[in-house]
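Me: I have a structure open and would like to go through it with you. Could we begin with the core?

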Amino acid sequence: MNKQCQCGFLEEIHGFDSPYEFERFCIYIKNQLEAKSLVSVKCDPKYEKGLIFGGEWYRCVECNEIWRLVPPDFPFTGLWEKVE
């Protein structure tokens with residue numbers, strides 16, 4: 001599976017190195033929502049890729065791919081990934 005948007009706008013992150021890095025990424029997502037490059041979508045509560053549930057879901061406006069952001073919860077370091 002490709003680890004980037006079809007349009008090349010987004011790429012997967014498997015683990016944030018610090019709470020500050022996660023916070024900066026959340027600000028980036030907020031800015032993309034305000035710029036209308038991303039839109040929030042309803043998540044599927046049964047989606048469990050890697051046995052990791054939940055997160056916030058977003059759709060890339062350019063290519064319509066769905067992505068999810070799962071926050072860190074020690075020892076899990078969080079992720080940003082494409083929804084299959």
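Me: Which residues touch the most other members of the largest nonpolar core?
Reply: This is a predicted model. Its largest nonpolar core has 13 residues, and L10, L38, L69 and W80 touch the most other members.

Me: Which elements each supply at least two residues of this core?
Reply: They are α1 (19-34), β3 (56-60) and β4 (66-70). The most comes from α1, which gives three residues.

Me: What is L38 in contact with, leaving aside its neighbours within four places in sequence?
Reply: L38 is in contact with F9, L10, I29, Q32, L33, Y58, R59, C60, V61 and W80.

Me: Now the helix. What length does α1 reach from its first C-alpha to its last?
Reply: With 16 residues, α1 reaches 23 Å, close to the 22 Å expected at 1.5 Å a residue.

Me: Which residues of α1 are buried?
Reply: The buried residues are F22, F25, I29 and Q32. They lie on the same side of α1, because they cover an arc of only 75 degrees around the axis.

Me: What do they pack against?
Reply: The buried residues of α1 pack against β1 (13-14), β2 (38-41), β3, β4 and β5 (79-82).

Me: And which exposed residues does the face turned away carry?
Reply: That face of α1 carries the exposed residues P19, Y20 and E34.

Me: What follows α1?
Reply: K36 follows, and its phi is positive, near 65 degrees.

Me: Changing topic: where is R68, and is R68 buried or exposed?
Reply: R68 is in strand β4. R68 is buried, since its relative accessible area is 0%, and under 20% counts as buried.

Me: Which backbone oxygens does the side chain of R68 approach?
Reply: The side chain of R68 reaches the backbone oxygen of K49 at 3.3 Å. A polar atom of that side chain also lies 3.2 Å from the backbone oxygen of G54.

Me: What else is R68 in contact with?
Reply: Beyond neighbours within four places in sequence, the contacts of R68 include Y47, I52, F53, E56, W57, L79, W80, E81 and V83.

Me: Where is F53, and how accessible is F53?
Reply: F53 is in the loop between β2 and β3. F53 counts as partly exposed, at 47% relative accessibility.

Me: What does F53 touch?
Reply: Not counting residues up to four places away in sequence, F53 touches P45, K46, Y47, E48, R68 and V70.

Me: How far apart are F53 and N31?
Reply: F53 and N31 are 22 residues apart in sequence and 25 Å apart in space, C-alpha to C-alpha.

Definitions and conventions:
Residues numbered from 1 in each chain as written. Predicted model: local features only at pLDDT ≥ 70, side-chain atom pairs only at ≥ 80, totals over all residues. Heavy atoms only, no water. Core = buried A, V, L, I, M, F, W, Y, C linked by side-chain atoms within 4.5 Å. Buried < 20%, exposed > 50% of the residue type's maximum accessible area, 1.4 Å probe, protein only. Helix = DSSP H or I, 4+ residues; strand = E, 2+ residues; numbered from the N terminus. Contact = heavy atoms within 4.5 Å. Expected span 1.5 Å × (residues − 1). Arc of directions from axis to C-beta. Polar contact = N/O pair within 3.5 Å; in protein donor to acceptor, adjacent residues only side chain to side chain.
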